[in-house]
Amino acid sequence: MKVDELSLSYLRKAQVRFKALFFYKDNEAYSDVVREAQELVELLLKAVLRAIGVEVPKVHDVSRTLEKHRSLLPPALIESLDDIKKISKRLRKERELSFYGAEDFIPTEEYGLEDAEMAINDAGFVLQAVQKVFTDPEKNNKKDRAER
């Protein structure tokens, strides 16, 4: 992994957003928790793609791209990749509804505390996984090369 300034910027933005999730939750803005969690996970996964030298696609769920380049990922991320992909896909599905809603779906009425807590837990899981590999990219490079 080669962590550059933009990747680190994505990580920092995600860390701030993670703190914001609790503000939204405490103010019962549960749909905003879900939306912000999605953006946080998207930023983290795009940071990973940059760090492994893969062009970042302009889509909100990059789980297919991560899978395609699984062999380039650090072992610590490969261990949790299946869970990370599920989280990314689920949050992507909620992205527009949680923010805009629909004629028959009012986000402030449809999302509850359970939805918010699930989004926070999922975002926290991805944040921890990415922070782990970003804290010591050289160590992850050595492990990665040794396993190939």
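A residue is called buried under 20% relative accessible area, exposed over 50%, and partly exposed in between (1.4 Å probe, protein chains only). The structure is a predicted model, in which local features need pLDDT of at least 70, side-chain atom pairs count only at pLDDT 80 or more, and totals for chains, interfaces and linings use all residues. Residues are numbered from 1 along each chain as its sequence is written, and side-chain values use heavy atoms, with hydrogens and water left out.

**Exercise 1.** Determine how histidine 60 is placed and which residues it touches.

*Solution.* Step 1: histidine 60 belongs to the loop between helix 2 and helix 3 (63-68); helices are DSSP runs (H or I, at least four residues), numbered from the N terminus. Step 2: the relative accessible area of histidine 60 is 27%, so the residue is partly exposed. Step 3: contact means heavy atoms within 4.5 Å. Not counting residues up to four places away in sequence, histidine 60 touches Gln38, Glu42, Arg92 and Arg95. Step 4: serine 88 is 28 residues apart from histidine 60 in sequence, and their C-alpha atoms are 8.5 Å apart in space.

**Exercise 2.** State whether glutamine 38 is buried or exposed, and list its contacts.

*Solution.* Step 1: glutamine 38 is part of helix 2. Step 2: with a relative accessible area of 3%, glutamine 38 is buried. Step 3: leaving aside neighbours within four places in sequence, glutamine 38 is in contact with His60, Leu91, Arg92 and Arg95.

**Exercise 3.** Describe the span of helix 1 and what covers its buried residues.

*Solution.* Step 1: helix 1 (residues 5-26) has 22 residues and reaches 32 Å from first to last C-alpha, close to the expected 32 Å; the expected span is 1.5 Å times one less than the number of residues. Step 2: Ser7, Tyr10, Leu11, Ala14, Phe18 and Leu21 are buried in this helix. Step 3: an α-helix has 3.6 residues a turn, so residues three or four places apart point the same way. Step 4: the cover over the buried residues of helix 1 includes helix 2 (30-51) and helix 6 (113-135). Step 5: just after helix 1, glutamate 28 takes a positive phi of about 55°.

**Exercise 4.** Characterise the chain as a whole.

*Solution.* Step 1: the chain has seven helices and zero strands. Step 2: its radius of gyration is 16 Å, close to the 15 Å that the globule rule gives for 148 residues, so the chain is as compact as a globular protein of that length. The radius is taken over C-alpha atoms, and the rule is 2.2 Å times the number of residues to the power 0.38. Step 3: buried residues make up 46% of the 148 residues.

Conventions. Helices (H or I, at least four residues) and strands (E, at least two) are DSSP runs, numbered from the N terminus.
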